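Please look over the sequence and the structure below. The report that follows takes up a sheet, a helix and then the chain as a whole.

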Amino acid sequence: MELCEKRPPPEEERRVRANAREYNEKFQYANNCIKTSKYNIITFLPVNLFEQFQEVANTYFLFLLILQLIPQISSLSWFTTIVPLVLVLTITAVKDATDDYFRHKSDEQVNNRQSLLLVNGSLQKDKWMNVRVGDIIKLENNQFVAADLLLLSSSEPHGLCYIETAELDGETNMKVRQSLSVTSELGDTSTLATFDGEVICEPPNNKLDRFTGMLHWRESKIPLDNRNLLLRGCVLRNTECCFGLVLFAGPDTKLMQNSGRSKFKRTSIDRLMNTLVLWIFGFLVCMGIILAIGNCIWEHEVGDLYQIYLPWDRGVDSAIFSGFLSFWSYIIILNTVVPISLYVSVEVIRLGHSYFINWDRKMYCAQWDTAAEARTTTLSEELGQIEYIFSDKTGTLTQNIMTFNKCSINGKTYGDLSDHLGHKCDVREQQKRPAVDFSFNELADPCFSFEDPQLMEAVKLGDARVHEFFRLLSLCHTVMSEDSEEGGLYYKAQSPDEGALVTAARNFGFVFRGRTPSTVVVSEMGREVTYRLLAILDFNHGRRRMSVIVRNATGRIRLYCKGADSIVFERLHPSSHRLMDVTVEHLNEFASEGLRTLVLAYRDLDEKAFQDWSERHEEARRALENREERLASVYEDIEQEMTLLGATAIEDKLQEGVQETIAVLSLANIKIWVLTGDKPETAVNIGYSCKMLTDDLADLFLLSGRTVHEVREELRRARERMSDSFRSINGYSSSEKLSSPKLASVVEEMPGECALVISGHSLAHALEADLELEFLETACACRSVICCRVTPLQKAQVVELVKKHKKAVTLAIGDGANDVGMIKTAHIGVGISGQEGIQAVLASDYSFAQFRFLQRLLLVHGRWSYLRMCKFLCYFFYKNFAFTMVHFWFGFFCGFSAQTVYDQYFITLYNIVYTSLPVLAMGVFDQDVPEQRSLQYPKLYEPGQLNLLFNKREFFICIAQGIYTSTFLFFIPYGTFADSTHSNGTHMADYQSFAVTVATSLVIVVSLQIGLDTGYWTAINHFFIWGSLAIYFAILFAMQSPGLFEIFPNQFPFVANANNTLGQPAVWLTIALTTVVCIMPIIAFRFLKLDLQPRLADTVRYTQLVGKKPKAAHGRKGRPGSRRTGYAFSHQEGFGELITTGMNMRLSGLAPGNRPASSWINTLCKRRSEPTGALGPAPVQEGPGPGRQEALV
């Protein structure tokens, strides 16, 4: 693969001339090669070593290695350090190289994709990486867009083309783009080859929804905007071919501008370990100084007297210099407080945890044939410490599938099955009833299903209101129809909800067949009717409604409108107010079931009134200034005095298990923020559907300010409302004013019973330096936060903001390329391998197929990984301090000569053989409670968030225990050997016998200690613990055997010493006494702690043993409900203007001849504030509950 070019300096503007490579190359624009990998062959070794030596421990061991190469101060061989250091560096380098190799392969695959370039008047195939700015490219149907292109022409009428932007914004709905009228006729290669227009436009940036530029051609200047642009990452759909001019390539494209760079991620335990290693090194230096001072004093006071027998080494001429050398000797001897085997063991344990995730069959999705995958092996314990989850919406929480479930027509609801008395049937009875039979309708969609036969009966009986209801649905939309090759009817909708409504009308006999710029053809109960389309009053985010004005065959002019209930109700004729009250009750019922609602109304217009309005509408449409404001005013004039028809209720299909997963994660004190490119209505609807937003919320704050001042004022009001609520709960005077610092502290103490919804333009201001802390304080005080209309870069900025100021562990989860930035920015990135490509998966640390698996990833694998790693580290530091500090005590009895207590082979094998496997078994297999209990009691997750199991306090406790153990390991055998004799009367106090006794006591004590620490025994644990003890004795007797002495007399001089020492009863009594003194206080302390101050895990284990079932908590009364509206998935205004001008007409498109309720979450959320003993399990069933859900205003 070719190397990518260097990036030029930042641009102020970009000038691109078509078909002129030489002209464009002088600006040094980036080519179309992308690079997401971190290394290449030249930079791998230095960059990777630099990254690895950022680990303090690696630098520390390198320093020790250098010391061991100096013979005057080293009492240990250099290979004891260099071999494990090189092993650790090599293993890590191989792993990093493997990860980067796959990134290179991915880059190579993308860069080598083929595209059709226009070269010298003919089309030639070339690789994406060879595309340059100014080239003209031909795209064919279902092809990815290679670079950011100016659309020149299309095979579709009027220069239109349809694209899917899933890789950019996560939306699978089709968007429409249109070429300029002056270039739309450039449809063949010969005319395109002569095209020499020059584009002057903005420099590269990350704004997906904005583009400004000017095309200079034929002495004309034509303005350009985002509707003329095809962005890299989009896919051409339902368009035979199109041609585009490359404006931005490779790293300059908006997709790549929104992609964060690969970051080197470390866990919080890694960062803590770096700090602890520095502290240990400081402690090591202090011990070395103490022993060096002791050496100086001893040599001065005592050593001088024995120079004949114990002369100083060559070059040592004073006690001070002897102490200096002794200092470095002790640094080498005592370095085993942090052996390099610690880091090898950590990597092995993390690797084991990663394999457990890969092997978990309960995280396998049969639908997509996809298993969970741990794409990194360095972050497993971080999964047990997550405090904030940042989630995408479309494809992550939802399936992006809409179904027409219920409706209200003229005061009557349809959708619930009833018995002969009119009472609703229960769920089991409804499941027994067959769905409505649509066989009478040849054009019905076979995939559509509806349960209530009463609606079909009303249609067949000719109910005028019901017919008018479905007539409105078949006319008031911007859907495009096509006849498929199989002879069926196919709809193309800009949003799934609009498609669901038109499909519902189709099945109930009102089939939308097609349209021209001025007509709409509908088959009404088998009779084809053509309506003249007079105007489309298009949907936008301010209007939150859509209307059409049509003339039927009799000449009657009627306006049909559908929109948000709060908007339409304000515009009804007084005669509809009684029906409105009934419809409101129905809307409340629909909303309580999590359904998305729209209200339908119509108005009859007389000819003169319409003509007057039409003139004003045309005048506003042609206005050059304030066009949108003038159109909105004209629309407002005619959308009045309407007659209410009814309401629709659509179910937005969530992924399986999303509600339960969010509920359980909330109980685990994890805050979930949704960051989506959708509009606020969409996000709020999904928030209610997945129970992030519920009716028990104390308040819901909607931030939509468009200036810094407005956003600051909205944040201030939100905090004041929080503090008012806090004061009312805690008994403060309502008139008491709180200062800003006190207000901030009050906000921090809020129990998190509020939710915040903020739009993209408000978020842009909220993320500014002078406002970001106010936004963060307000958002973090809320239970749920939803950020709408955000760009990929803003997603990453929000994650970075929380990381920077909250010091909390974050997780980002998404499924599209628009989520890559936040996935890379978060501590943990999770990719959903679904329908929207693999960009998110490639950038992630962990991947699986469905959001529901996140619950198991965190509460089971993450919690266990954190628990195991913490227990491993605590034990590892304990056993090594117990091992090493014996040398410190011995220094006071050996003249501070840096002599070791143990022989060199025991020092080498202690961490590698005698104690390595038991602690690895505990670090890989240990559990405190079974996986079912981990999911049943989410509160068990909180110790990881609070970092309770391994922190500086726990570290010092482990060190203290190790020092305590080392004290008795040394002084009990020392006191025993001081005056003891063998059975034959000879003295026992020889150096090697003492060393064997201390070493044997140490191995037995640490083996029993890990037995106490192990919470989950397996055959592997038993084998490793008792097998390591057996190996110790086997090696001990082997190394002091006569046979080995005969082969290596200089290396193994202590023949049969172990046999003689361990054959003495006094030695075994000493070992037993040492073991009891070291272990019994630990047992006593743990027993008292378990009895007097049990942890939640202890209580859960006890509950499991005695078989008690804890009582569930009760829910609390919440605030009034809210109601939700549709139009959720429209990313932009509809196709209205394109339809009425005929610019989106295909040649073939011409007209032919029981959702769960929210109250169940009350119990779940209530338990978040319960004490540790309240062990109510997370429920698995849902219950009914009332509520209304309202749209944003």
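## The open sheet

Nine strands, counted as 9 in the order β14-β33-β32-β31-β15-β27-β30-β29-β28, form an open sheet with mixed pairing, where strands are DSSP runs of E with at least two residues, helices are runs of H or I with at least four, and both are numbered from the N terminus. Two strands pair if DSSP finds at least two bridges between them, and the edge strands β14 (373–374) and β28 (699–703) each pair on one side only.

Strand β28 runs parallel to β29 (residues 754–758), to which 5 bridges join it; in one of these pairs, Asp699 has Cys754 of β29 as its bridge partner. Helix α28 packs on the sheet and touches β15 (386–391), β31 (809–814), β32 (828–832) and β33 (846–848), contact meaning heavy atoms within 4.5 Å. The direction of α28 makes about 140° with that of β33, as taken between N-to-C directions of lines fitted to C-alpha atoms, for helices over the stretch in contact, on a scale from 0 to 180 degrees.

## Helix α9

Helix α9 (residues 319–333) reaches 20 Å from its first C-alpha to its last, close to the 21 Å expected for its 15 residues at 1.5 Å a residue, the expected span being 1.5 Å times one less than the number of residues.

Of these 15 residues, 11 are buried, that is, under 20% relative accessible area with a 1.4 Å probe and protein chains only; among them are Phe327 and Tyr330. Their cover includes α3 (56–68), α8 (268–301) and α28 (853–891).

## The chain and the model

The protein chain has 41 helices and 33 strands, and 57% of its 1193 residues count as buried.

This is a predicted model, in which local features need pLDDT of at least 70 and side-chain atom pairs count only at pLDDT 80 or more, while totals for chains, interfaces and linings use all residues. Residues are numbered from 1 along each chain as its sequence is written, and side-chain values use heavy atoms, with hydrogens and water left out.

Terms used. Buried means under 20% relative accessible area, exposed over 50%, partly exposed in between (1.4 Å probe, protein chains only).
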